[in-house]
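Biologist: I would like to learn how to read the features of a protein model. Could you take me through one, step by step?

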Amino acid sequence: LIFDQFEEIVTLFDEAGARDQRQRLVELFVQLLRGSLPVKILFSFREDYLGKIKELFSACPELVDQALRVTPPTADALSTIIRGPFDHYPRHFAHQLSPALARRLVTVLAERFGSGDISLSEVQTVCLRLWQSDNPEKLLAEKGPQGLLEDYLGDELGKMPIQLRPAAIALLAQMVTSAGTRNVISASDLFQRVQEQEGQFTPSLLDQALDGLSQSRLVRRERRRDLVEVEI
């Protein structure tokens, strides 16, 4: 049994009325771990929630010694990420990104990310648009990763109802810092900032626009305690 994003047992069940439900869930997991059923359980969660989850599972202290810390991939992993599916499952794909193109893509993406962590969502988007192209080599040469990402953004915004697009653009603008980095912000603060600067958008319209951005996967929305936080 695999429980991904298991930190939500903390973020979604931390209100007074939900803590009893969380405790019942924890007791169920402990019974499965201690019982005779031939079952293995994998909990996957963010590292910064380890302390709280460890406290919840005080009845199973050995879990901490059965953990694997997964670090974010670096640029060294780009070649495996891009070519791995084609190398391991060659018959699954109608066509592939050629090894030569993959090497070029590794170079330009490594330059984009520098010494920092790579953005898997950006790598996924760039690779998918190239794979869908009839001439990926030409497309990469003309657009580069930045152009491909901007085209993706334009396509996704174009799918939204026209009346929501200005509000969606205004929301996205407030989710980037002055230094050009992503800004994690609560939905309520985000709406307030947009209304202070723009003025013409109602809370209802902003909520619809944010919902559209979330459905398009341009924005990730996550509840933490009593706040809904969003980021590009």
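This is a predicted model: local features need pLDDT of at least 70, side-chain atom pairs count only at pLDDT 80 or more; totals for chains, interfaces and linings use all residues.

Biologist: Let us begin with the whole chain. How many helices and strands does the protein have?

Modeller: The secondary structure comes to ten helices and five strands. The C-alpha trace spans about 60 × 50 × 30 Å along its principal axes. Of the 232 residues, 34% count as buried. Among contacts between residues at least 6 apart in sequence, 57% join residues at least 24 apart.

Biologist: Now a pocket, please. Which residues line the second largest pocket?

Modeller: The lining is made up of Ile81, Ile82, Pro85, Phe86, Phe93, Leu97, Leu120, Val123, Gln124, Cys127, Leu128 and Trp131. The volume of this second largest pocket is about 240 Å³.

Biologist: Which helix gives the most to that lining?

Modeller: Helix α6 does, with six residues. Both α4 (78-88) and α6 (120-132) supply at least two residues each.

Biologist: And how do the lining residues divide into nonpolar, polar and charged?

Modeller: Eleven are nonpolar, one is polar and none is charged.

Biologist: Let us turn to the rings. What describes a pair of aromatic rings?

Modeller: Two quantities do: the distance of the centres and the angle of the planes. In this model, a search of the whole structure finds eleven aromatic pairs. One of them joins Phe29 and Phe43, which sit edge-to-face at 5.5 Å centre to centre, with 75 degrees between the planes. This pair links distant parts of the chain, as Phe29 belongs to helix α2 (residues 19-34) and Phe43 to strand β2 (residues 42-43), 14 residues apart.

Biologist: Are Phe29 and Phe43 buried or exposed?

Modeller: Both Phe29 and Phe43 are buried. Phe43 also pairs with Phe57, this time in a tilted arrangement: 5.4 Å centre to centre and 50 degrees between the planes. Phe57 lies in the loop between α3 (50-56) and α4 while Phe43 is in strand β2, so their pair ties together parts that are 14 residues apart in sequence. Phe57 is buried, as is Phe43.

Biologist: Which residues do the ring pairs link into a cluster?

Modeller: The cluster holds Phe3, Phe6, Phe29, Phe43 and Phe57.

Biologist: Why does Arg83 count as buried?

Modeller: Because its relative accessible area is 11%, and buried means under 20%.

Biologist: What about a salt bridge with an exposed partner?

Modeller: Look at Lys159 and Glu156, whose side chains meet in a salt bridge at 3.1 Å, N to O. Lys159 counts as exposed because its relative accessibility is 63%, whereas Glu156, at 11%, counts as buried.

Biologist: Which residue forms a salt bridge with Asp48?

Modeller: Arg46 does, and the closest N and O atoms are 2.9 Å apart. Arg46 has 28% relative accessibility, so this residue counts as partly exposed. Asp48 reaches 54% and therefore counts as exposed.

Notes: Residues are numbered from 1 along each chain as its sequence is written. Side-chain values use heavy atoms; hydrogens and water are left out. On a 1 Å grid over the protein atoms alone, a cavity is a set of points where a 1.4 Å probe fits but cannot get out, and a pocket is an open set with protein on both sides within 12 Å along at least five of seven lines; lining residues have an atom within 4 Å of a point. Grid points are joined across faces, edges and corners, and a volume is the space filled by probe spheres set on the points. Helices (H or I, at least four residues) and strands (E, at least two) are DSSP runs, numbered from the N terminus. Ala, Val, Leu, Ile, Met, Phe, Trp, Tyr, Cys and Pro count as nonpolar, Asp, Glu, Lys and Arg as charged, and the others, Gly among them, as polar. Rings of Phe, Tyr and Trp (its six-membered ring) pair if their centres lie within 6.5 Å; planes under 30 degrees apart count as stacked, over 60 as edge-to-face and the rest as tilted. Buried means under 20% relative accessible area, exposed over 50%, partly exposed in between (1.4 Å probe, protein chains only). A salt bridge is a side-chain nitrogen of Lys or Arg within 4 Å of a carboxyl oxygen of Asp or Glu. Contact means heavy atoms within 4.5 Å.
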